[in-house]
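The sequence and the structure are shown first.

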Amino acid sequence: MNKIGFIGGGNMGGALASAAVKTVGAQNVLIVDRDEQTAAVCAARIGATASSYAQIAAECRVIFLAVKPNLVATAAATLWPMLNERKDVLLVSMAAGVPIATLTSLFGAKAHI
(Lines give C-alpha, C1' and ligand atoms only; values in the text may rest on other atoms or scores of the structure.)
Protein backbone atom coordinates (compact mmCIF):
# COMPACT_ATOMS: atom_id res chain seq x y z
CA MET A 1 0.00 0.00 0.00
CA ASN A 2 3.05 2.26 -0.30
CA LYS A 3 2.56 2.67 -4.02
CA ILE A 4 2.40 6.03 -5.77
CA GLY A 5 -0.18 6.65 -8.46
CA PHE A 6 -0.13 9.19 -11.25
CA ILE A 7 -3.31 10.31 -12.95
CA GLY A 8 -1.79 11.65 -16.15
CA GLY A 9 1.33 10.43 -17.88
CA GLY A 10 2.20 13.50 -19.91
CA ASN A 11 5.27 15.71 -19.50
CA MET A 12 4.76 16.74 -15.88
CA GLY A 13 3.27 13.48 -14.66
CA GLY A 14 5.89 11.46 -16.50
CA ALA A 15 8.75 13.52 -15.07
CA LEU A 16 7.55 13.10 -11.49
CA ALA A 17 6.76 9.42 -12.05
CA SER A 18 10.31 8.95 -13.31
CA ALA A 19 11.68 10.53 -10.14
CA ALA A 20 9.35 8.36 -8.05
CA VAL A 21 10.65 5.21 -9.78
CA LYS A 22 14.18 6.17 -8.74
CA THR A 23 13.03 6.66 -5.15
CA VAL A 24 10.48 3.90 -4.46
CA GLY A 25 11.17 1.45 -7.29
CA ALA A 26 9.35 0.81 -10.55
CA GLN A 27 7.09 -1.83 -9.02
CA ASN A 28 5.60 0.84 -6.74
CA VAL A 29 4.66 3.40 -9.41
CA LEU A 30 1.35 3.17 -11.29
CA ILE A 31 0.28 5.45 -14.15
CA VAL A 32 -3.08 5.99 -15.83
CA ASP A 33 -3.97 8.46 -18.53
CA ARG A 34 -7.15 9.22 -20.45
CA ASP A 35 -5.14 8.09 -23.47
CA GLU A 36 -4.08 4.50 -22.78
CA GLN A 37 -1.23 4.82 -25.28
CA THR A 38 0.24 7.76 -23.34
CA ALA A 39 0.15 5.76 -20.11
CA ALA A 40 1.72 2.73 -21.80
CA VAL A 41 4.52 4.74 -23.41
CA CYS A 42 5.30 6.62 -20.20
CA ALA A 43 5.26 3.45 -18.10
CA ALA A 44 7.48 1.57 -20.55
CA ARG A 45 9.96 4.44 -20.74
CA ILE A 46 10.47 4.63 -16.97
CA GLY A 47 9.76 1.01 -16.02
CA ALA A 48 6.53 1.72 -14.13
CA THR A 49 3.15 0.02 -14.59
CA ALA A 50 0.42 1.30 -16.88
CA SER A 51 -2.59 0.95 -14.67
CA SER A 52 -6.25 1.81 -14.13
CA TYR A 53 -8.15 4.22 -11.92
CA ALA A 54 -9.46 1.26 -9.91
CA GLN A 55 -6.01 -0.18 -9.27
CA ILE A 56 -4.59 3.21 -8.31
CA ALA A 57 -7.54 3.85 -5.98
CA ALA A 58 -7.10 0.46 -4.33
CA GLU A 59 -3.31 0.29 -4.03
CA CYS A 60 -1.82 3.79 -3.81
CA ARG A 61 -1.18 5.78 -0.67
CA VAL A 62 -0.20 8.94 -2.60
CA ILE A 63 -1.91 9.95 -5.84
CA PHE A 64 -0.68 12.77 -8.04
CA LEU A 65 -3.27 14.55 -10.17
CA ALA A 66 -1.06 15.34 -13.14
CA VAL A 67 -3.80 16.44 -15.50
CA LYS A 68 -4.53 19.72 -17.21
CA PRO A 69 -6.78 22.02 -15.15
CA ASN A 70 -9.75 21.51 -17.46
CA LEU A 71 -9.59 17.73 -16.82
CA VAL A 72 -9.49 17.83 -13.01
CA ALA A 73 -13.28 17.51 -12.63
CA THR A 74 -13.38 14.52 -14.99
CA ALA A 75 -10.54 12.80 -13.14
CA ALA A 76 -12.20 13.52 -9.81
CA ALA A 77 -15.55 12.15 -10.99
CA THR A 78 -13.85 8.91 -12.01
CA LEU A 79 -11.48 8.56 -9.06
CA TRP A 80 -13.38 9.83 -6.05
CA PRO A 81 -16.16 7.22 -5.90
CA MET A 82 -13.43 4.59 -5.62
CA LEU A 83 -11.55 6.53 -2.94
CA ASN A 84 -14.22 7.99 -0.71
CA GLU A 85 -14.08 5.11 1.80
CA ARG A 86 -10.31 5.32 2.19
CA LYS A 87 -8.91 7.62 4.87
CA ASP A 88 -5.22 7.08 4.16
CA VAL A 89 -4.81 8.59 0.69
CA LEU A 90 -2.98 11.83 0.01
CA LEU A 91 -3.97 13.65 -3.19
CA VAL A 92 -1.35 15.95 -4.68
CA SER A 93 -2.56 18.26 -7.42
CA MET A 94 -0.28 19.58 -10.11
CA ALA A 95 -3.14 21.34 -11.91
CA ALA A 96 -2.08 24.97 -12.25
CA GLY A 97 -4.66 27.48 -11.16
CA VAL A 98 -7.05 24.99 -9.53
CA PRO A 99 -7.58 26.18 -5.96
CA ILE A 100 -7.70 23.83 -2.98
CA ALA A 101 -11.32 24.88 -2.45
CA THR A 102 -12.22 23.55 -5.90
CA LEU A 103 -10.40 20.29 -5.24
CA THR A 104 -12.15 19.97 -1.89
CA SER A 105 -15.53 20.47 -3.55
CA LEU A 106 -14.69 17.77 -6.11
CA PHE A 107 -13.16 15.24 -3.73
CA GLY A 108 -15.08 16.00 -0.55
CA ALA A 109 -14.19 17.69 2.70
CA LYS A 110 -12.64 14.49 4.12
CA ALA A 111 -10.05 14.23 1.34
CA HIS A 112 -6.42 14.86 2.24
CA ILE A 113 -5.27 17.28 -0.44
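The model is predicted. In it, Arg86 has a relative accessibility of 18% and counts as buried, because the cut-off for that class is under 20%. Arg86 forms a salt bridge with Asp88, and the closest N and O atoms of the pair are 3.0 Å apart. Asp88, at 28% relative accessibility, counts as partly exposed.

How many salt bridges does the structure hold? There are two. Besides the Arg86 pair, the side chains of Lys3 and Glu59 meet at 2.8 Å, N to O.

Lys3 is partly exposed, with a relative accessibility of 22%. Glu59 is also partly exposed, at 26% of relative accessible area.

## Strand S4 and its neighbours

Strand S4 covers residues 60-65 and is mostly covered, with five of its six residues buried. S4 pairs with two strands. With strand S1 (residues 3-7), the pairing is parallel and runs over five bridges. With strand S5 (residues 90-93), the pairing is again parallel, and four bridges join the two.

Ile63 of S4 takes part in both pairings. Its bridge partner on one side is Gly5, and in S5 its partner is Leu91.

Together with helix H4 (residues 72-83), they make a right-handed β-α-β unit.

Where does Ala66 lie? Its place is in the loop between S4 and H4. Ala66 has a relative accessibility of 15% and counts as buried.

Leaving aside neighbours within four places in sequence, Ala66 is in contact with Ile7, Gly8, Gly13 and Met94. Ala66 and Gly5, the residue that bridges to Ile63, are 61 residues apart in sequence, while their C-alpha atoms are 9.9 Å apart in space.

## The chain as a whole

The chain has five helices and five strands. Along the sequence, they follow the pattern β-α-β-α-β-α-β-α-β-α. The radius of gyration is 13 Å, close to the 13 Å that the globule rule gives for 113 residues, so the chain is as compact as a globular protein of that length. Taken along the principal axes, the C-alpha atoms fill a box of roughly 35 × 25 × 20 Å.

Of the 113 residues, 45% count as buried. The accessible surface of the chain comes to about 5900 Å², and carbon and sulfur atoms account for 57% of that area. Among contacts between residues at least 6 apart in sequence, 65% join residues at least 24 apart.

Notes:
Residues numbered from 1 in each chain as written. Predicted model: local features only at pLDDT ≥ 70, side-chain atom pairs only at ≥ 80, totals over all residues. Heavy atoms only, no water. Buried < 20%, exposed > 50% of the residue type's maximum accessible area, 1.4 Å probe, protein only. Pairing = 2+ DSSP bridges. Right-handed = clockwise from strand over helix to strand, strands pointing away. Salt bridge = Lys/Arg side-chain N within 4 Å of Asp/Glu carboxyl O. Rg over C-alpha atoms; globule rule 2.2 N^0.38 Å. Contact = heavy atoms within 4.5 Å. Areas by Shrake-Rupley, 256 points an atom, 1.4 Å probe, with all protein chains shown as cover.
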